[in-house]
Each structure stands twice: as C-alpha cells, then as structure tokens.
Amino acid sequence: MPKIIHTRMKCIGCGVCHEKQPEYWRMSKKDGKATLLNAELKKDKAILSIPESEADFSRSVAADCPVKIIQVM
Ligand code: SF4
C-alpha cells in the first residue's frame, strides 16, 4: 500500500497540500504548519497509508510542495 511521508518540522505553511487534498491535510492554527491527518508519527516523519487509487494525485501534491518535504512511496 502506498504511503505519504511528511517531514513536518520543515513545513513553511504555504497551504498548497491542504488546498489540493483537504481530506489528508489540515493547517495547524497553533504553528501554521500542515498536519497529515491520522498519520502515524515516527521520529520526525508523519506516515499515512493511502489507497493505490490516491497515489498518483498524492504524488502531484508532493511535487507541488515548494520545500519538497512530502514523499509518496
Ligand atoms: S505544501 Fe509543503 S510546505 Fe506547503 S504546507 Fe504543505 S507540507 Fe508545508
């Protein structure tokens, strides 16, 4: 199953991921960074398994992240 992996501490809070994919991303009112919803936390990564059908669009979201801190594997 594909996974979205987010290095949250490096997020600059641009909001692109939330705009494109609000079902997976929220912008935190506390620190302005994006949060990957329902993700498992491992060290500095947030990891969420997604359906194969969501992988290509998630890759396009990752490509649009200006600081390239979203990976889809
Ligand atoms: S697109 Fe990247 S930098 Fe912008 S809010 Fe999302 S994770 Fe943060």
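Strands β1 and β6 pair in the antiparallel sense, over three bridges. A word on terms. Strands are DSSP runs of E with at least two residues, helices are DSSP runs of H or I with at least four, and both are numbered from the N terminus. Two strands pair if DSSP finds at least two bridges between them. In general, strands of a sheet pair through backbone hydrogen bonds, either parallel or antiparallel.

Before going on, the ground rules. This is a predicted model: local features need pLDDT of at least 70, side-chain atom pairs count only at pLDDT 80 or more, and totals for chains, interfaces and linings use all residues. Residues are numbered from 1 along each chain as its sequence is written.

Now the whole sheet. It is open, has four strands, and runs in the order β4-β5-β1-β6 with antiparallel pairing. Which strands stand at the edges? They are β4, residues 40-42, and β6, residues 70-72. Each has a single partner strand, so one side of each is left without a neighbour in the sheet. On average, neighbouring strands here are turned by 25 degrees against each other, direction ignored. Helix α2, residues 55-64, packs on this sheet and touches β1 and β6. Its direction makes about 155 degrees with that of β6. For such angles, axes are lines fitted to C-alpha atoms, for helices over the stretch in contact, and the angles run from 0 to 180 degrees between N-to-C directions. Contact means that the C-beta atoms of two residues, placed from the backbone, lie within 7 Å.

Let's look at β1. It covers residues 3-6, and four bridges join it to β5, residues 45-49, antiparallel. Go along the pairs. Lys-3 stands opposite Ser-49 in β5. Ile-5 faces Ile-47 in β5. His-6 stands opposite Ala-46 in β5. On the β6 side, Ile-5 stands opposite Gln-71.

Buried means 20 or more other C-beta atoms within 10 Å of the residue's own, exposed means 12 or fewer, and partly exposed is in between, with C-beta atoms placed from the backbone. In a regular strand, side chains alternate between the two faces of the sheet.

Stay with Ile-5. With 17 other C-beta atoms within 10 Å, Ile-5 is partly exposed. Not counting residues up to four places away in sequence, Ile-5 touches Lys-45, Ile-47, Gln-71 and Met-73. Ile-69 is 64 residues away along the chain, yet the two C-alpha atoms are separated by 8.0 Å.

Three bridges join β4 to β5, antiparallel. Leu-41 has Ala-46 as its bridge partner in β5. These two strands form a hairpin with two residues between them. Is Lys-43 buried or exposed? It counts as exposed, with 5 C-beta neighbours inside 10 Å.

Lys-68 also has a positive phi, near 55 degrees. It lies in the loop between α2 and β6. Lys-68 counts as exposed, with 11 C-beta neighbours inside 10 Å.

One more loop. Asn-38 sits between β3, residues 34-36, and β4. Asn-38 is exposed, with 9 other C-beta atoms within 10 Å. From Asn-38 to Trp-25 is 13 residues in sequence and 9.5 Å in space, C-alpha to C-alpha.

On to the core. The largest nonpolar core has ten residues: Ile-4, Cys-11, Cys-17, Tyr-24, Trp-25, Ala-34, Leu-36, Val-61, Cys-65 and Ile-70. Such a core is a set of buried Ala, Val, Leu, Ile, Met, Phe, Trp, Tyr and Cys residues joined through C-beta atoms within 7 Å. Take Val-61. Leaving aside neighbours within four places in sequence, Val-61 is in contact with Cys-17, Lys-20, Gln-21 and Ile-70.

Last, the ligand. How many residues surround it? There are 13, and the closest are Cys-11, Cys-14, Cys-17, Ala-34 and Cys-65. A residue counts as near if its C-beta atom, placed from the backbone, lies within 6 Å. By class, this shell has eleven nonpolar, two polar and no charged residues. Ala, Val, Leu, Ile, Met, Phe, Trp, Tyr, Cys and Pro count as nonpolar, Asp, Glu, Lys and Arg as charged, and the others, Gly among them, as polar.
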